[in-house]
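Here is a short tour for someone meeting this structure for the first time. Have a look at the sequence and the model, then read on.

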Amino acid sequence: MSRLVDALVARLGELGAELRTGVAVTELAPRNGGWTVHTDDEPMDADAVIVALPEGVARRLLAPVVPNLDDSQPIAPVVEVVTLVVHAPALDAAPRGTGVLTVPGSHVAKALTHSTAKWDWVRDATEPGIHVVRVSFGAQGEEPATAALDDDAAAALALSEAAALLGVELAPTALRAAHRARYVQSQPGAAIGRAAQTAAARGAVRAVPGLGATGAWLSGTGLAQVIPDARAEADRVRSAALWHRG
């Protein structure tokens with residue numbers, strides 16, 4: 001994903017786009033058929049705006065200018081991912097392929113990705129016998145098993161779960177490094193009524209001239225859904241703006 005971001009930034013530069021990072025948008029305000037985007041830096045004027053943010057932030061920003069848009073905040077799963085670098089020649093054969101998902105109740109970990117087996121660039125960056133695995137904890141309605149642990153204990157639990165899931169012995173001495181990351185997933189898990197809520201939000205946004213919204217909370221997860229949806233929304237907003245200009 002970091003490579004994708006770098007490629008997108010480079011492409012934006014080729015197109016002459018202005019990219020601002022580290023700037024938070026605080027408010028959208030209608031302005032003479034267009035918009036003023038207020039930030040914690042300086043305001044910007046725009047003919048049209050497409051909001052591409054996680055659901056909670058997007059709803060807070062859009063609700064004041066989109067009639068009938070519900071600004072209630074979704075309850076999304078909290079996930080912790082512990083990345084391990086281990087010396088384990090037994091993993092050279094990739095005993096679980098690129099990774100596994102666990103059956104609820106079978107393990108405290110929810111998933112494992114064998115990054116060295118999945119990505120050539122990770123494998124090329126490591127020495128023989130060194131492997132990178134990512135162990136995920138936490139799910140909808142369930143706190144990560146690592147939540148109350150310090151970093152060392154979280155790494156130890158992840159190593160134990162990795163050994164069980166991969167079917168190999170991973171002694172504490174095999175661990176060369178560990179990194180722990182905690183984040184909130186970009187959208188809630190599947191729930192009854194979710195599709196109707198999403199459709200209502202999209203319809204409300206599209207009823208406002210010069211305004212669009214895209215992201216996984218509207219399109220569904222995965223690049224195969226996010227990218228076509230973003231393109232379609234950009235085309236819709238652009239076409240509407242051209243028609244409005246006459």
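Is aspartate 120 buried, partly exposed or exposed? With a relative accessible area of 47%, aspartate 120 is partly exposed, since the exposed class only begins over 50%. Keep in mind that this is a predicted model.

**Salt bridges**

Aspartate 120 has a charged partner: arginine 123 forms a salt bridge with it, and the closest N and O atoms are 2.2 Å apart. Both residues sit in helix H4 (residues 120-124), and because they are three residues apart there, about one helical turn separates them. Arginine 123 is partly exposed too, with a relative accessible area of 36%.

That pair is one of 15 salt bridges in the structure. Here are three of them side by side:

| Pair | N to O distance |
|---|---|
| Arginine 123 and aspartate 120 | 2.2 Å |
| Arginine 180 and aspartate 151 | 2.9 Å |
| Glutamate 42 and arginine 20 | 3.6 Å |

Take the pair of glutamate 42 and arginine 20, whose side chains meet in a salt bridge. This one links distant parts of the chain: glutamate 42 belongs to the loop between E2 and E3, arginine 20 to the loop between helix H1 (2-14) and E1, and the two are 22 residues apart. Glutamate 42 counts as partly exposed at 42% relative accessibility, and arginine 20 gets the same label, partly exposed, at 28%.

Now for arginine 180 and aspartate 151, which also form a salt bridge. Arginine 180 lies in strand E9 and aspartate 151 in helix H5, so their pairing ties together parts that are 29 residues apart in sequence. Arginine 180 is partly exposed at 24% relative accessibility, while aspartate 151 reaches 53% and counts as exposed.

**Helix H5**

Aspartate 151 brings us to helix H5, which covers residues 151-166. How far apart are the end C-alpha atoms of H5? They are 22 Å apart, which agrees with the 22 Å that its 16 residues should span at 1.5 Å a residue.

At the start of the helix, a side-chain oxygen of aspartate 150 comes to within 3.2 Å of the backbone nitrogen of aspartate 152. Just after the other end, glycine 167 takes a positive phi of about 75°.

Which residues of H5 are buried? The list is Ala154, Ala155, Ala158, Leu159, Glu161, Ala162, Ala163, Leu165 and Leu166. Their cover includes five strands: E5 (78-87), E6 (99-101), E7 (109-114), E8 (130-137) and E9 (175-184). Strand E9 is thus part of that cover and is also where arginine 180 lies.

**A three-stranded sheet**

Another part to find is an open sheet of three strands, in the order E1-E2-E3 and with antiparallel pairing. Strand E1 (25-31) and strand E3 (44-46) stand at the edges with a single partner strand each, so one side of each has no neighbour in the sheet. On average, neighbouring strands here are turned by 25° against each other, direction ignored.

How many bridges join E1 to strand E2? There are six, and E2 takes in residues 34-39. Within this antiparallel pair, leucine 28 stands opposite valine 37 in E2. The loop between E2 and E3 is the one that holds glutamate 42, the partner of arginine 20 in the salt bridge described above.

How values were computed. Residues are numbered from 1 along each chain as its sequence is written. This is a predicted model: local features need pLDDT of at least 70, side-chain atom pairs count only at pLDDT 80 or more; totals for chains, interfaces and linings use all residues. Side-chain values use heavy atoms; hydrogens and water are left out. Two strands pair if DSSP finds at least two bridges between them. Helices (H or I, at least four residues) and strands (E, at least two) are DSSP runs, numbered from the N terminus. Axes are lines fitted to C-alpha atoms, for helices over the stretch in contact, and angles run from 0 to 180 degrees between N-to-C directions. The expected span of a helix is 1.5 Å times one less than its number of residues. Buried means under 20% relative accessible area, exposed over 50%, partly exposed in between (1.4 Å probe, protein chains only). Contact means heavy atoms within 4.5 Å. A polar contact is a pair of N or O atoms within 3.5 Å; within protein, one must be able to donate a hydrogen and the other to accept it, and residues adjacent in sequence count only if both atoms are side-chain atoms. A salt bridge is a side-chain nitrogen of Lys or Arg within 4 Å of a carboxyl oxygen of Asp or Glu.
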